[in-house]
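Biologist: I would like to learn how to read a few features in a model like this one. Could we go through them together?

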Amino acid sequence: MDTPPLYRKLAAHYLDAIRAGSLQPGDKLPSLRGLMRMHGISLSTALQLCRAMESEGWVEARDRSGYFVKRPRRLAIAAMEEPVTNVAPDPAQYVGIHSKVSDFVARRRQDEVRIDFSSARGAPELYPGEALRAIMMRLLRQKPALLTTATPSRSLNPLREAAARRGLRTGMTLAPQEVLTTNGCIEALNLALRAVAQPGDTVAVESPTFYGLLQVLESLGMRALEIPTSPQTGLSIEALDMALGAYDNIKAVVTVPHLQNPLGSVMPDAHKERLVALCERHGIPLIEDDTYSELLDVDTPPRAIKSWDRTGNVIHCASLHKILAPGMRLGWISAGRWHSRVEMLKFTQSRSNEELSQSAAGEYMNTGDYDRHLRRLREHLRQQAEQTADAIAAHFPAGTRLNYPPGGLQLWVELPDRLSSMTVFDRALRDKIFVAPGALFSNSSRFDHYLRINCGWPITDTIQAALRRLGEIVGECASVSRKAA
C-alpha cells in the first residue's frame, strides 16, 4: 500500500492544528531547524513541509522571520444557507430542461471558448493514460481477435469482477454476475428509471440536480419532483417523507449521496440508513448514483447506500468516467430485484459494451496502481479546489457565497443580489469564458443565481486570469442589475 510522503504527513499534522484552533492566524510555525529537531527530519523535508502549506494558502513566508499561519481567503467567504424543508415541494412536472441544455450545448459549439469552467471532469494528465494504453496493447497481443469478436452478453470480465470486489470496501456484497457494465453512469440511470417507472410517472430528485438526469427524465416522459437538498448533508429526508405523504404517484427516488452534483454535499451514514428505510417502507425503488465517491477526500471509503439494502430495493449505479478514464465511458449497475429486467433493457438498448476497455480497466483496478492513482488524483483535486476557491474569494464581489466540498471536481457558487446566472453566462462567453449557469440544474428558476465552476484543471496563470476576469464580470453585471432596479 502506497503511503503519503513524510512532508505531507507532517503538513496534515499542522493543518489539523490550524483547523482545531491550536494554531491561530498570525502564529509562527517552528523554524526550519526547529522542525528538523522536533520531527527528526532533514532540511529538505522541512522546506517541503513549509512550502506545501504555503502553496495551499495556510501559511505565509515573511522575509527573515519564518513561516506564519494565515487565514485562507476561501474561509472568509460566506457559506450557503440551508434550504427550507418544512413545506410541501412544488407539484411534480414534466421536465422542460431539454431546450435550455440544447441551447447551452449549441452555444458551446458555436462560440470559440478559451477557458471552460462548465465541465465536471479532470484534466487528461490527471488520469493514468499510459498505463491503460500499455495494458490494452498487451491484451491485443495476447488476443489478436479481441476487436473483431463480438462480446458475449453475459460473459464475466475483469471490470465486473473488480467492481464487485471493490464494493466490499463500501459495505456492499455483490457477485460479479450482479454487476452489469454500461456506457457510463448516464446509461445506468436510464436503465434504472426504465426498469421501475413508466412515461407519466413521477420521480423524486434532488434540487438542484445534474441537468443530465433531468434530460433523461424528459426523454422518458416522466415527471420530476424536486426535493430540497442541503449543501452539507444532501437530500432532505424530512422533505422527501412529506412529499411521499402528499403525492401517491412517486415511483422512484434518485440521489447522489457523495459529492452531489452540483452542490458537493455528502450524506451522513445516519441519513443514508433512514433513506433506505423510508423508501422500503413506501415500496419505492431508491436509485443511488455513486459516480463521485472515490473523489471524496477521506481516509476511509464512505459506505454506499446499497450497503443498508436487505431486500434488493436499492439500485446502485457507478462510473469510471470521473475517476479513471473519461474517454472510456465505462459504468455499471447493480439493480437488485430488477436485475433481470435491467439486463434485458440493456440488451435491447445498446447490447454489450466492447470488451477491450472493460478488460483493461478491470485489470488496472485490480492492481495497487489504481489506489495510488486515486490518492494522487484526490490530492491534485484538493489543491486545485483550494486555489480555485481562494481565487473566487479574492476576485468575486461581496455577497458571493460558496459551498466548499470535501473533494470532487466542482464548486457551487451563489452570486450576489440574486444576479441571473444566464446574464453572467452570456457576458462571460463574449470573453470566451464558458461557465455552467445554475438555471440548468432545476426545472424551476430557483437556482438561476448560481454557477457551477469546474476545478478539475491545474491552476495555471491563464486559469487564474480567467477566474479574475470572471469575478470582474460578475461585479459588472451586478452593478448594472442594481442600477436597473
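Modeller: Gladly! Contact here means heavy atoms within 4.5 Å. Keep in mind that this is a predicted model.

Biologist: Let me try that on one residue. Which residues does Leu244 touch, not counting those up to four places away in sequence?

Modeller: Leu244 touches Ile250, Leu278, His282 and Ile284 on that count. Leu244 itself is found in helix α9, which covers residues 237-246.

Biologist: Is Leu244 buried or exposed?

Modeller: A residue is called buried when its relative accessible area is under 20%. Leu244 has 8% relative accessibility, so it counts as buried.

Biologist: Let's follow α13, then. How do the axes of α13 and α15 cross?

Modeller: The general idea first: an α-helix has 3.6 residues a turn, so residues three or four places apart point the same way. Here, the axes of α13 (residues 368-395) and α15 (residues 461-484) come within 9 Å and cross at roughly 35°. The crossing is right-handed.

Biologist: Which residues meet there?

Modeller: From α13 come Thr388, Ala391 and His395, and they meet Gln464, Leu467, Arg468, Gly471 and Glu472 of α15. By class, this contact has 2 nonpolar, 4 polar and 2 charged residues.

Biologist: And how do I read empty space?

Modeller: Rolling a probe the size of a water molecule over the atoms shows where empty space is left. In this model, the second largest pocket has a volume of about 660 Å³. It is lined by 28 residues, and those closest to its centre are Arg121, Phe210, Tyr211, His321 and Lys322.

Biologist: Which elements give two or more residues to that lining?

Modeller: Those are α4 (98-110), α7 (184-196) and α8 (211-219). Helix α4 gives the most, with 5 residues.

Biologist: How many residues of the lining are nonpolar, polar and charged?

Modeller: The lining of the second largest pocket divides into 11 nonpolar, 9 polar and 8 charged residues.

Notes
Residues numbered from 1 in each chain as written. Predicted model: local features only at pLDDT ≥ 70, side-chain atom pairs only at ≥ 80, totals over all residues. Heavy atoms only, no water. Helix = DSSP H or I, 4+ residues; strand = E, 2+ residues; numbered from the N terminus. Buried < 20%, exposed > 50% of the residue type's maximum accessible area, 1.4 Å probe, protein only. 1 Å grid on protein atoms, 1.4 Å probe; cavity = no way out; pocket = protein on both sides within 12 Å on 5 of 7 lines; lining within 4 Å. Points joined across faces, edges and corners; volume = space filled by probe spheres on them. Nonpolar A, V, L, I, M, F, W, Y, C, P; charged D, E, K, R; others polar. Axes fitted to C-alpha atoms, helices over the stretch in contact; angles between N-to-C directions. Left-handed = near helix turned anticlockwise from the far one by under 90°.
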